[in-house]
Amino acid sequence: MFIKFAAAAAALMIGAGAIAGEHADLILYNASVWTVDDKRPEAEAVAVRGKKIVKVGSSREVLKLKGEKTKLLDLEGKRVLPGFNDSHTHLGNAAEWFFQVPVTDVNDVQLLAKRVAEVAARVPKGIWITGGDWATSAANAANKNRQAGFEPMVPDLKTIDAVSPDHPVLIRRFDHVYFANSAALKLARLSPKTPNPAGGSYGRDPNTGELTGMLYGTAGEGLERQLPPMSLKQKLIGARAVMRDLNRVGITSITDMARLDEISNEQIYPFYVERSATDGRIFQALKKNEELTVRVYAMLPIETEKSLVDHKVRPGSGDAWLRFGALKAYGDSGLMFKPLSNHGLPGEWSYRFPGETEFAHNLIDADKAGYDVGVHIIGDKAVNALIDWYADAFRQNPARDRRHRLIHIWHTTEADIQRAGKMGFVADVQPYHLEREVAQIGNTLDEERARTSHPYKSFIDAGVVLNLGSDMPGSFNRLHVSPYNPLENIYSAVTRMDKKGFPAGGWHPEQRLTIQQAIKAYTLNPAWSSREDNIKGSITEGKLADIVVLDKDVLAVEPKEYLSTKVVYTIVNGKILDLQ
């Protein structure tokens, strides 16, 4: 451990041994610096010059690099980690959610007003605020409980107007009835004199005839169709806000599901295959303007593989800010050897799955071209088939360094865990999925299958590279919002419990990760998976200075303390970010 008085004494020796021009720009000292595993002694200090780490060691050693302009941060023993790397995000969807009110769980006028006010406070004046689908949770509960005569909440126009005077607001109910505030009605030129459209009607006060904001049938659908499509300029507003949120929790890199419009426009899809893929122009524009504060490893749709070379997008192309090299494909929606009861999953291949023959062919071609492929996969039967298809690609194509991914991989078997390890797979898992499903999993899985569901420790033991991530912002239907704070997800992986401590002792506690394993799965492992472990993922001399400083030592405190641990500094490319 560091010795504080020794660090202070070392500070008096500033500049000793340093050659002119070799001084550090930034020195973090008197710290607890994570060194990947517990077999190596921890360092006390880190020196940064430009965008790179130039020295890691004792405070006395590192402070020798201090010059007149060096910024010194005495961390007083605080924990220093590599910047977190979220291995599975949908930043484009998160940027869209920035302008939307989360209302699926709302069936109360005052709660709706509170949520609208929160969004109105962050969205620039004049931009549309939308949201859907209010009362979904209440309607689902009523249906499950066979509650007859369920009546969803009706928003009050004056209440919502009071919290959104500068924004047009249009919100959809679970049954596709709509509500618009007065600003939206005015902008759409709707008044008491406006006749009802065919197939729809405008809600009117029975006494005065004034519009209430309720829009039924084609009245609401028609207004929604008139909303402006989200421009790149608007997407960038949302993206900047999302990046700030990521930086505030210490995230400096992401692996994002993305698309390149110039390539996507050359495709013809049978369904909305790219609905969760970020518009690549967002990253390109932010990079061009030197506004990126997270590094992006973009996974592109596997369907576009044939067009990538023509657009000069090859495995590993790009730079340390925006890199390509992997493709994303969709598998199943819970395809199990034995169906799950009452689990809410279709138990089939996804509608975005093109069919077994075409999928296997796509996988072989992408592997042959040198791309790493990540596949959204959930059920044990689907996992088994997917590993077979990967194995076929390995047999047909020349041997190479492969870093293919099994994305989500909720349920599997012991045999396939071992196969995945021997074949060198990466498992991209999201602890919140376990936390969210744990109550139902216990009720729908027999003991044998439960042991190999969300089997984080078994993956590591078998040789699978485990990555932790968030799946930010959440499910496409907005019913589930994914926590993107790495420390929350690390808590879930280390305890196998939700934030209320359920179930006591953790669900299948033999699958709990150590804190060292969890940190590695949020830093070095994702860097390795994107073939960037030579430049980031650990606090190592010569690597990029992407660093996070925490106010608590997560390697020493109880897991419940992770949930209250705060980020003190996030450093990206050698620069301390403003987290306000």
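## An aromatic cluster

W349, F353, F359 and W389 form one aromatic cluster. This is a predicted model in which local features need pLDDT of at least 70 and side-chain atom pairs count only at pLDDT 80 or more, while totals for chains, interfaces and linings use all residues. Residues are numbered from 1 along each chain as its sequence is written, and side-chain values use heavy atoms, with hydrogens and water left out.

A search of the whole structure finds 12 aromatic pairs. Here, rings of Phe, Tyr and Trp (its six-membered ring) pair if their centres lie within 6.5 Å; planes under 30 degrees apart count as stacked, over 60 as edge-to-face and the rest as tilted. The ring centres of F353 and F359 are 5.1 Å apart and the planes are at 35°, so this pair is tilted. F353 and F359 are both buried, where buried means under 20% relative accessible area, exposed means over 50% and partly exposed lies in between (1.4 Å probe, protein chains only). The rings of F359 and W389 also make a tilted pair, because their centres are 5.3 Å apart and their planes are at 50°. F359 belongs to helix 13 (residues 356-368) and W389 to helix 14, so the pair ties together parts that are 30 residues apart in sequence. W389, like F359, is buried.

## Charges over rings

Two arginines can be found sitting above tryptophan rings. The charged end of R295 sits over the ring of W321, 4.3 Å from its centre. R403 does likewise with W528, its charged end lying 4.1 Å from the ring centre. The test for this asks that NZ of Lys or CZ of Arg be within 6 Å of the ring centre and within 35 degrees of the ring normal.

## A walk along helix 9

Now let us turn to helix 9. Helices (H or I, at least four residues) and strands (E, at least two) are DSSP runs, numbered from the N terminus. Helix 9 covers residues 232-248, which is 17 residues, and reaches 24 Å from its first C-alpha to its last, close to the 24 Å expected at 1.5 Å a residue. That expected span is 1.5 Å times one less than the number of residues. After the helix comes G250, whose phi is positive, near 90°.

Which residues of helix 9 are buried? They are Q234, K235, L236, G238, A239, A241, V242, M243, L246 and N247. These buried residues pack against several elements, including helix 3 (91-97), strand 14 (251-259) and helix 11 (280-288). Strand 15 (278-279) and strand 23 (567-572) are also among their packing partners.

D245 and R248 are three residues apart in the helix, about one turn. An α-helix has 3.6 residues a turn, so residues three or four places apart point the same way. D245 is partly exposed at 29% relative accessibility, and R248 is partly exposed at 31%.

## Salt bridges across the chain

The structure holds 38 salt bridges, each a side-chain nitrogen of Lys or Arg within 4 Å of a carboxyl oxygen of Asp or Glu. In one of them, the side chains of R400 and D372 meet at 3.7 Å, N to O. This pair links distant parts of the chain, 28 residues apart: R400 is in the loop between helix 14 (380-396) and strand 19 (405-408), and D372 is in strand 18 (residues 372-377). R400 is partly exposed at 27% relative accessibility, whereas D372 is buried at 2%.

Another salt bridge joins D428 and R405 (2.9 Å, N to O). D428 lies in strand 20 (residues 426-429) and R405 in strand 19, so the pair ties together parts that are 23 residues apart in sequence. D428 is buried at 0% relative accessibility, and R405 is buried at 1%. Salt bridges that share partners also join D367, D372, R400, D401, R402, R403, R531 and D533 into one network.

## A buried serine in a loop

Where is S538 found? S538 is in the loop between helix 21 (524-529) and strand 22 (547-550). At 7% relative accessibility, S538 counts as buried. Its side chain makes a polar contact of 2.6 Å with the side chain of T540, and another of 2.7 Å joins the side chains of S538 and K543. A polar contact is a pair of N or O atoms within 3.5 Å; within protein, one must be able to donate a hydrogen and the other to accept it, and residues adjacent in sequence count only if both atoms are side-chain atoms.

Leaving aside neighbours within four places in sequence, S538 is in contact (heavy atoms within 4.5 Å) with V36, I53, P82, L524 and K543.
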